[in-house]
Amino acid sequence: MSLFLLAGIATLDIINTVDHYPAEDEELRASARRISAGGNALNAARVLTGLGHRAELLALLADDDGGGRIRAELDAERVGHRYAPLAAGVTPTSYVALSAANGSRTIIHYRDLPELRYAHFRAVPIERFDWLHFEGRNVAETEAMLRHARKRLLDQPISLEIEKPRPDIERLMPYADVLIFSRAYALARGHTQAAELLAAMRPHAPRASLVCAWGEAGAWALATNRQLAREAVHAPAVKAGQTVDTLGAGDAFNAGLIAALATGATLDEALARAVALAGHKVTAHGFAHLGKARPS
């Protein structure tokens with residue numbers, strides 16, 4: 001069992017299930033509605049606890065009813081948040097349209113709360129953690145956190161999720177041991193294949209393992225020990241059942257990957273486990289069912 005610190009954001013997700021994605025100006029009745037805590041780091045933390053690990057979320061939480069609901073969910077799922085600072089404001093909210101036709105999700109996000117800052121991170125006793133994971137956002141503050149972590153840690157790995165092409169995001173890459181790229185980032189950079197993106201990113205992080213998930217096509221990874229990783233390994237997607245809910249599939253993939261690496265798996269093995277976990281996640285709503293997907 002490993003202890004993870006996950007730094008990023010926490011949101012309140014309002015999820016409406018609809019028969020199909022609505023056309024412009026269409027009036028559509030939702031067949032179901034649920035409200036849940038969300039956000040990349042938060043979701044990954046809850047998956048890690050479901051897999052039998054311990055996880056602490058470091059995210060700025062609003063002092064409103066939404067923030068209280070998030071804290072209650074974290075407590076119920078045994079996700080720690082003792083270091084998560086409270087701030088006056090409104091909880092960031094994601095309004096999600098979940099299509100019953102194919103499980104796809106469309107998100108409209110509203111945010112009027114400050115981002116996590118270096119001052120918050122500096123107060124955390126990071127030496128007690130086995131692994132640190134960061135969302136790649138708020139570049140200047142995150143870079144300060146990563147620099148601080150590199151000075152304080154002995155040999156604990158650092159993973160970094162690169163989801164969107166934010167200005168100067170490449171500045172964060174040299175600090176990470178594991179870089180996890182999204183398909184959206186690859187496409188925004190003009191790359192139509194995961195392996196092509198990973199090769200292009202290698203100069204930014206010559207000593208890191210590079211990973212890119214590509215949805216139904218599976219995922220690719222570039223190890224550090226393959227002569228600057230000229231060859232990417234591939235793990236095909238795993239179809240564990242009918243696709244019901246893709247919301248948070250990427251977060252499940254990230255959690256599966258770092259959980260496997262933290263417990264001694266090779267990069268190839270970790271990639272396969274992460275793909276399998278993401279494939280299992282989309283077969284049901286939420287994440288509670290993933291505890292049954294623990295590797296033997």
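Modeller: Here it is, and note that this is a predicted model. Let us begin with strand 7 (residues 93-99) and strand 8, which pair over six bridges.

Biologist: In which sense do strand 7 and strand 8 pair?

Modeller: Six bridges join strand 7 to strand 8. One place to look is Val 96, which stands opposite Ile 107 in strand 8. The sense of the pairing is antiparallel.

Biologist: In what order do the four strands of this open sheet stand?

Modeller: The pairing in this open sheet is mixed. Strand 3 (32-38) and strand 8 (105-110) are at the edges, each with a single partner strand, so one side of each has no neighbour in the sheet. Neighbouring strands are turned by 20° against each other on average, direction ignored. The order is 3-2-7-8.

Biologist: At about what angle does helix 2 run to strand 3?

Modeller: Helix 2 lies across strand 2 (11-18) and strand 3. Its angle to strand 3 is about 80°.

Biologist: How many of the residues of strand 1 are buried?

Modeller: Take the two faces in turn. On one side, Leu 3, Leu 5 and Ala 7 are buried. Strand 1 (residues 3-7) is largely enclosed by the rest of the structure, because its buried residues number five of five.

Biologist: Why do the residues of a strand fall on two sides?

Modeller: Follow the side chains along a regular strand.

Biologist: Which residue of strand 4 is the bridge partner of Leu 6?

Modeller: Strand 1 and strand 4 (residues 54-58) run parallel. Five bridges join them. The partner of Leu 6 is Leu 57.

Biologist: Which residue of strand 9 is the bridge partner of Phe 4?

Modeller: Strand 1 pairs with strand 9 (residues 131-135) in the parallel sense. Four bridges make up that pairing. The partner of Phe 4 is Trp 131.

Biologist: What is the angle between the planes of Phe 4 and Trp 131?

Modeller: The structure holds four aromatic pairs. Phe 4 and Trp 131 form one that is tilted, at 6.4 Å centre to centre. The pair links distant parts of the chain, with its residues 127 apart. Both Phe 4 and Trp 131 are buried, and the angle between their planes is 45°.

Biologist: Why is the pair of Phe 181 and Tyr 185 called stacked?

Modeller: Phe 181 and Tyr 185 are both buried. Their ring centres are 5.6 Å apart. Stacked needs planes under 30 degrees apart. The pair counts as stacked because its planes are at 25°.

Biologist: Is Arg 78 buried or exposed?

Modeller: Arg 78 is in the loop between helix 2 (65-76) and strand 6 (86-87). Its phi is near 65°, a positive value in a residue other than glycine. Its relative accessibility is 59%, so Arg 78 counts as exposed.

Biologist: What is the relative accessibility of Asp 168?

Modeller: Asp 168 is in the loop between strand 10 (158-162) and strand 11 (178-181). Its phi is near 65°, again in a residue other than glycine. Asp 168 counts as partly exposed because its relative accessibility is 46%.

Terms used: Residues numbered from 1 in each chain as written. Predicted model: local features only at pLDDT ≥ 70, side-chain atom pairs only at ≥ 80, totals over all residues. Heavy atoms only, no water. Buried < 20%, exposed > 50% of the residue type's maximum accessible area, 1.4 Å probe, protein only. Helix = DSSP H or I, 4+ residues; strand = E, 2+ residues; numbered from the N terminus. Pairing = 2+ DSSP bridges. Phe/Tyr/Trp six-rings, centres within 6.5 Å; stacked < 30°, edge-to-face > 60°. Axes fitted to C-alpha atoms, helices over the stretch in contact; angles between N-to-C directions. Contact = heavy atoms within 4.5 Å.
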